[in-house]
Amino acid sequence: GEYFVTSCGHLLQNKELIRYLEESKFDAILTDPVLLCGAILAKHLSLPAVYFLRGIPCGLDFEATQCPRPPSYVPRGFTQFADHMTFLQRVKNLLHDIPDIFLCDFAFEPYSKLASEFLQQDVTVLDLLRQASVWLMRSDFVLEYPRPLMPNIIPIGGVNCAHKELPQVGHTLLIHAMIGFCV
């Protein structure tokens, strides 16, 4: 964890690289939001952020996208519960979230501090995550519990994907090609 924050700090302190990125006029940033450096750059450069991920610890992806995830109906990871739970299982499912609150605050706090210093404004991890224009989720509801998706969340992975060759396209059409990759 600390290695990634330190690496991100070094990248953000590289004035020559930041100037190059500012002058290049990119269309968007495609990044994994678990390592929030790309999200910090997207905010700094005022670019749309496209997040490519499997999931974020502690359900931060649910919170950032405002997807409903009631613990009385949606089983938490590693609990092995199904969508039909007894009362006791629902209570255990609810209690499963409590350690995550403290763990994630501790784990992601360095990114919040780094972003606030670099952007010269108070920024939380959720602020960075909420700026996403599109979430490309590498999940598969065949293997996982189905969940509601917000309009800017596109499932693109899983066992239901056949191998396809991507056509040669310009960089502005890359997202359309990625979205069409899984049928």
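**Questions on a predicted model: patch, helices and salt bridges**

Colleague: What makes a group of residues a nonpolar patch?

Modeller: Its members have over 30% relative accessible area and no salt bridge, and nonpolar side chains (Val, Leu, Ile, Met, Phe, Trp, Tyr) are joined within 5 Å, whereas like charges are joined within 9 Å. Here the patch consists of Phe87, Leu88, Val91, Leu95, Ile98, Ile101 and Phe102, with about 750 Å² of accessible area together, by the Shrake-Rupley method with a 1.4 Å probe. H5 gives the most, with 4 residues.

Colleague: Why is leucine 95 called partly exposed?

Modeller: Buried means under 20% relative accessible area, exposed over 50%, and partly exposed in between (1.4 Å probe, protein chains only). Leucine 95 has a relative accessible area of 47%, so it is partly exposed.

Colleague: Why are H1 and H6 called roughly parallel?

Modeller: The axes of helix H1 (residues 2–13) and H6 come within 10 Å and cross at roughly 10 degrees. That makes H1 roughly parallel to H6, since angles under 35 degrees count as roughly parallel, over 145 as roughly antiparallel, 65 to 115 as roughly perpendicular and the rest as oblique. Axes are lines fitted to C-alpha atoms, for helices over the stretch in contact, and angles run from 0 to 180 degrees between N-to-C directions. Phe4, Val5, Cys8, Gly9 and Leu12 in H1 meet Pro110, Tyr111, Leu114 and Phe118 in H6, where contact means heavy atoms within 4.5 Å.

Colleague: How do you know that arginine 69 and aspartate 97 form a salt bridge?

Modeller: The rule asks for a side-chain nitrogen of Lys or Arg within 4 Å of a carboxyl oxygen of Asp or Glu. The closest N and O atoms of arginine 69 and aspartate 97 are 3.8 Å apart. Arginine 69 lies in the loop between helix H4 (60–65) and H5, and aspartate 97 in the loop between H5 and H6, so the pair ties together parts that are 28 residues apart in sequence.

Colleague: What links Arg69, Arg76 and Asp97?

Modeller: Aspartate 97 also forms a salt bridge with arginine 76 (3.0 Å, N to O), and Arg69, Arg76 and Asp97 are linked in a network of salt bridges.

Notes. Residues are numbered from 1 along each chain as its sequence is written. This is a predicted model: local features need pLDDT of at least 70, side-chain atom pairs count only at pLDDT 80 or more; totals for chains, interfaces and linings use all residues. Side-chain values use heavy atoms; hydrogens and water are left out. Helices (H or I, at least four residues) and strands (E, at least two) are DSSP runs, numbered from the N terminus.
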